[in-house]
Protein chains: 2
Amino acid sequence: MSAKRVVIIGGVALGPKAACRLKRLEPDADVVIVDQDEYISYGGCGIPYFISGDISSVQELMSTSFHMQRTPQFFQDAKDVRVRTRTRALAIDRASKRVRVLDLASGGEEDLPYDRLVIATGSIPNKPPIPGIDLPGVTSVSNLHSAIAVKDRISGGKVDRAVIVGAGAIGCEMPEALGDLWGIETHLVEIEDQVLPGILDRSLAGIVRAHLEEKGVQLHLGRRVIEIRAVGLPSTSSAPMAEGGFEVKTSDGSIQADLVITAAGVRPNSELARSAGLVVSPSGAIVVNRMLQTSDPEIYAGGDCIEIQHLVTGKPVYFPQGSLANRQGRVIGTNLAGGAAKFEGTVGSFAIKIFDLAVASAGITPQSALKSGFQAEPVLVVQADRAHFYPTHDLIYFQLTVDRKTRRILGAQAVGAHGDAVIGRVNAIAAILPFKPAVEDISNLEIAYSPPFAAALDVVNAAGNTAENILDGLNRPMTPDEFERCFLLEESADCLCLDVRAPANAAPFVERYGDRWLNIPQETLNKRMDEVPRDKRLLLVCNSGARSYEAMRQLDRAGIDNTVNVQGGAAVLKKSGTAGPQPKD
Amino acid sequence: MSAKRVVIIGGVALGPKAACRLKRLEPDADVVIVDQDEYISYGGCGIPYFISGDISSVQELMSTSFHMQRTPQFFQDAKDVRVRTRTRALAIDRASKRVRVLDLASGGEEDLPYDRLVIATGSIPNKPPIPGIDLPGVTSVSNLHSAIAVKDRISGGKVDRAVIVGAGAIGCEMPEALGDLWGIETHLVEIEDQVLPGILDRSLAGIVRAHLEEKGVQLHLGRRVIEIRAVGLPSTSSAPMAEGGFEVKTSDGSIQADLVITAAGVRPNSELARSAGLVVSPSGAIVVNRMLQTSDPEIYAGGDCIEIQHLVTGKPVYFPQGSLANRQGRVIGTNLAGGAAKFEGTVGSFAIKIFDLAVASAGITPQSALKSGFQAEPVLVVQADRAHFYPTHDLIYFQLTVDRKTRRILGAQAVGAHGDAVIGRVNAIAAILPFKPAVEDISNLEIAYSPPFAAALDVVNAAGNTAENILDGLNRPMTPDEFERCFLLEESADCLCLDVRAPANAAPFVERYGDRWLNIPQETLNKRMDEVPRDKRLLLVCNSGARSYEAMRQLDRAGIDNTVNVQGGAAVLKKSGTAGPQPKD
């Protein structure tokens with residue numbers, strides 16, 4: 001029997017991983033990777049750090065951990081895998097099991113026969129239907145070519161002001177890349193009225209928004225880009241960027257900029273698969289089984305061009321992530337060698353760094369859980385990431401999504417300054433989400449304790465405990481969002497804040513909100529119960545939501561139960577500024 | 001019906017937690033905590049940081065996160081819980097449901113009646129049977145009194161040199177506390193031949209040992225303390241410390257010191273329970289069910305005086321941890337109020353900071369897994385904690401314990417410089433250990449990816465993949481320990497190192513070990529296969545164990561299969577110095 005012939009279309013992340021795994025299992029396999037680009041096997045998620053200058057050259061994004069360049073020669077020598085760059089796959093002929101490819105250098109075409117085929121064609125950046133979106137210099141940063149062009153332009157001193165269209169993950173990462181070293185004034189325009197829409201719940205998104213503003217980023221939330229117009233010199237067809245600038249017209253204004261970056265998400269690059277008659281979802285993602293076979297069992301697909309199962313909702317999801325592509329690549333490599341490895345799906349783990357803030361998420365948000373038919377409840381707690389007496393501690397803002405009916409944990413999100421600490425907590429939740437944990441599993445999740453690294457009762461456990469208390473009706477929560485609406489926007493006369501912190505903490509709020517903000521410290525509440533108004537709805541506030549919960553229990557005992565507990569307390573209100581400009585304290 | 005009377009014996013961690021939880025659920029309960037000490041409700045794990053000076057006063061260890069002191073008055077006002085300090089429980093009369101207590105100030109005795117009783121008597125430091133161990137000035141640091149005495153002596157400038165007896169957790173934490181600010185020369189004496197015996201596997205313990213040595217700590221491993229003798233002025237009976245110094249005689253020498261700290265672990269303080277006829281284990285721990293009831297269902301016990309179930313082995317274990325005490329306290333509080341909460345057990349999560357190194361563990365080590373009847377296999381990998389191209393990355397040394405028969409993950413341990421990153425990884429494993437995960441669950445564990453926080457294929461996943469490869473017979477591992485024995489100690493003539501790194505990395509080793517250390521870079525191996533000796537056992541080495549695995553697959557293909565892959569590669573050999581003094585490279 002002659003060696004198995006495997007053709008892999010796509011040379012970033014999944015393709016090389018599948019190829020190398022296969023070769024380790026079946027060294028005699030004849031493997032060729034084709035990619036239309038000259039750059040292959042690079043860490044695309046590192047692009048913002050290349051643009052920022054943290055990473056000095058694109059070569060670093062293409063190097064192994066032992067400092068070799070992942071060139072075609074490297075793959076040939078170290079992996080016995082042939083890589084043909086600048087070679088575009090034009091069509092798949094499933095009947096004859098051949099891929100038609102075009103050599104972009106020579107213009108020549110040829111057929112590559114295969115016994116097994118892997119489609120790893122990745123994604124295409126979305127291009128919002130905005131007049132001017134195709135102007136030279138209006139660009140995504142989705143590949144190394146655009147990244148290099150953007151960095152060349154920036155480092156050439158040609159960019160004083162930039163507009164980013166879309167405040168998703170890339171849109172929120174880029175302001176630091178543009179601002180920190182290069183000092184570029186950055187405007188971030190987002191059609192939704194929050195940053196990271198669909199990714200982060202509103203309460204935590206408010207914290208991110210405030211942080212971006214603090215870092216000088218000009219936010220235009222709830223704004224649509226109407227048109228992009230070139231100003232100044234037009235580019236020549238050979239120059240990737242216009243030499244002049246742009247005028248970006250939004251739904252309520254206009255921004256002059258030297259650079260416009262579109263960051264409106266990506267979609268599966270599945271045209272080749274669709275043309276070959278493979279099953280593709282309505283949203284354009286290639287449909288695969290758990291062995292990552294397409295509707296043609298001799299053709300595998302993985303990475304940013306497929307849809308996978310969401311392990312929390314049980315529904316298909318498009319979740320393009322380099323990490324998943326790598327894991328899927330290994331599964332495909334195993335199966336190409338005759339194995340039966342499975343990729344079960346995703347819990348949607350996600351992390352980004354936004355200036356000095358880390359953001360992490362796993363599972364689903366309360367909003368998306370409601371859409372999926374769960375009785376979703378947000379549970380927000382704020383606590384130090386180390387023992388509160390340990391000097392370097394900082395706060396983690398941590399939210400669970402809980403299903404009221406089944407007491408199941410559906411997701412977790414967190415924001416905080418110590419990135420590894422934030423991501424580490426969410427990873428612990430991500431790890432158990434496939435096992436369908438209940439709130440009790442989180443209350444007792446065994447975060448290792450040592451004062452420099454965790455609290456004795458860690459923020460994760462506190463969230464589990466709080467979830468139990470909410471589900472058991474002991475803690476009646478109000479989200480920071482509801483607080484904003486009820487107390488600040490509607491200024492409802494029926495509502496009164498009862499601040500149970502020390503007078504020094506409460507004073508600025510009392511000063512600002514007058515008789516709508518009452519202060520009775522929790523430890524004096526039992527003695528001062530007769531001062532508590534019984535004709536109002538009381539919004540209980542402390543620094544974090546913990547002492548105000550204690551106060552709620554005391555008030556309940558006294559028969560005062562028209563109360564709600566403001567989740568995350570003053571810590572969240574101050575950090576997010578969702579309650580408008582906050583008094584200082 | 002009159003209010004339920006609850007007596008709690010012990011006012012640190014579990015006792016207050018149980019009391020406060022109960023009061024939130026059943027505000028009318030009549031709760032009293034008795035404690036023989038004047039200090040209550042303090043963070044005992046913070047003691048090393050109080051001694052180091054990171055925490056300036058013991059008050060900080062007794063304060064809430066909102067800066068109130070947890071005094072008896074605080075518990076009265078804020079929690080409606082009575083606390084009687086300096087009140088010793090003498091005996092429990094289960095028939096009449098009374099606790100006999102002694103007021104240490106007045107000398108008066110009285111009986112406290114209870115409907116429910118909680119025993120939270122904690123632990124007692126072990127005192128090794130060494131002549132001189134009772135000398136004043138030979139002390140543990142297990143409570144605030146001894147901590148204050150030690151710090152007073154240190155800050156009074158009376159300690160130039162200290163001896164710590166026992167290199168367990170406290171023993172390994174203390175050298176930083178003594179050395180960093182105070183500049184005390186510290187000797188660490190341990191009867192076993194590794195640091196953190198029973199806690200950390202040998203390979204990783206070697207890294208910790210090397211780090212302690214690098215920080216100037218004098219290690220005396222495999223040494224027994226024979227006698228401690230007072231030198232100089234004896235103390236008066238009222239002074240907690242001798243004014244003179246000590247001579248510490250070990251099995252092979254003698255150390256002069258101004259301070260001797262014993263850190264030989266703790267045992268359950270269960271005498272009160274035993275005297276009351278409650279069931280106590282052979283090792284002295286109070287036996288409880290999952291609702292944390294003792295053999296008398298009206299008496300609960302928790303914290304450092306009980307044994308619990310190990311969720312990996314299914315066997316009882318004594319695992320005193322402040323974090324578990326807090327979680328158990330909540331369970332007891334719930335059950336005191338008529339609930340049915342359960343504490344299922346522990347996976348043994350553990351973390352400490354040792355100078356600039358973080359150490360974390362969950363589950364069981366290969367050694368203890370073998371003792372428990374598992375076919376335990378260590379799987380050691382080394383990888384950057386961020387994308388390897390991200391500037392701030394550092395290495396994590398990560399080891400799984402895997403059961404060869406069932407492919408079950410039994411534990412994980414890690415060491416590294418970025419503490420939160422190290423602990424976060426181990427916490428993710430800790431989270432799923434109760435669900436009895438298989439290696440495949442680790443390969444696909446969804447660590448959130450972003451270059452500043454993780455690798456696309458994170459170290460956790462790499463460990464899972466490596467475990468699969470080992471169990472599938474593709475990767476034949478050799479531990480660093482075995483390498484040391486085989487290559488360095490026995491200098492077996494049948495063994496040859498094949499270093500597949502770049503020549504620049506390999507050169508110092510080749511120079512040192514001559515023709516026993518062969519260098520053929522992995523990417524040249526296919527072409528240079530005829531240079532590979534076929535009459536020797538080849539120990540394959542790269543920086544981490546990954547490229548040498550690749551080489552093993554290539555060699556297997558060529559029919560050269562008398563090879564083993566040195567786990568963790570040169571990274572571990574260099575970092576641990578287990579292989580003796582290492583060449584620099």
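1. Two strands are said to pair if DSSP finds at least two bridges between them. Helices (H or I, at least four residues) and strands (E, at least two) are themselves DSSP runs, numbered from the N terminus. In chain B, strand E9 (residues 138-139) and strand E16 (residues 259-262) pair in the parallel sense over two bridges, and Thr139(B) has Ile261(B) as its bridge partner in E16(B).

2. The model is a predicted one: local features need pLDDT of at least 70, side-chain atom pairs count only at pLDDT 80 or more, and totals for chains, interfaces and linings use all residues. Residues are numbered from 1 along each chain as its sequence is written, while chains are lettered from A and ligands numbered from 1 in the order in which they are written.

3. Overall form of chain A. The secondary structure of chain A comes to 17 helices and 31 strands. Its C-alpha trace spans about 90 × 60 × 45 Å along the principal axes.

4. Burial and contacts. A residue is buried if 20 or more other C-beta atoms lie within 10 Å of its own, exposed if 12 or fewer, and partly exposed in between, with C-beta atoms placed from the backbone. Of the 585 residues of chain A, 57% count as buried. Two residues are in contact if their C-beta atoms, placed from the backbone, lie within 7 Å. Among contacts in chain A between residues at least 6 apart in sequence, 65% join residues at least 24 apart.

5. Nonpolar core. A nonpolar core is a set of buried Ala, Val, Leu, Ile, Met, Phe, Trp, Tyr and Cys residues joined through C-beta atoms within 7 Å. The largest has 382 residues, and those with the most contacts inside it are Val208, Ala448 and Leu539 of chain A together with Val208, Ala448 and Leu539 of chain B. Apart from its neighbours within four places in sequence, Val208(A) is in contact with residues including Cys172(A), Val195(A), Ile354(A) and Val415(A).

6. Relation of the two chains. The same surface serves both copies, since 100% of the contact residues of chain A recur in chain B.

7. Interface. In the contact between the chains, 77 residues of chain A meet 77 residues of chain B. Elements giving two or more residues to the side of chain A that touches chain B include helix H9 (322-336), strand E22 (350-354), strand E23 (357-363) and helix H11 (419-432) of chain A. The largest share of that side, 11 residues, comes from H11(A).

8. Parallel strands of chain B. Five of the six residues of strand E11 (residues 185-190) of chain B are buried. E11(B) pairs in the parallel sense with strand E10 (residues 161-165) of chain B over five bridges, with Leu188(B) as the bridge partner of Ile164(B). E10(B), helix H6 (residues 169-179) of chain B and E11(B) make a right-handed β-α-β unit; right-handed means that, with the strands pointing away from the viewer, the path from the first strand over the helix to the second runs clockwise. Four bridges join E11(B) to the parallel strand E12 (residues 218-221) of chain B, where His187(B) stands opposite Gln218(B). The β-α-β crossover from E11(B) through helix H7 (residues 202-214) of chain B to E12(B) is right-handed.

9. Strand E16 of chain B. E10(B) also pairs in the parallel sense with E16(B), over four bridges, and Ala162(B) stands opposite Leu259(B). Leu259(B) and Ile261(B) point one way from E16(B), Val260(B) and Thr262(B) the other way, and all are buried.

10. Helix H17 of chain A. Six of the eight residues of H17(A) (residues 569-576) are buried, so the helix is largely enclosed by the rest of the structure. Gly577(A), which follows H17(A), has a positive phi, near 60°.

11. Backbone points to inspect. Most residues other than glycine have a negative phi. Lys97(A), however, has a positive phi of about 55°; Lys97(A) lies in the loop between strand E4 (87-93) and strand E5 (98-103) of chain A. Asp80(B) likewise has a positive phi, near 55°, and is partly exposed, with 18 other C-beta atoms within 10 Å.
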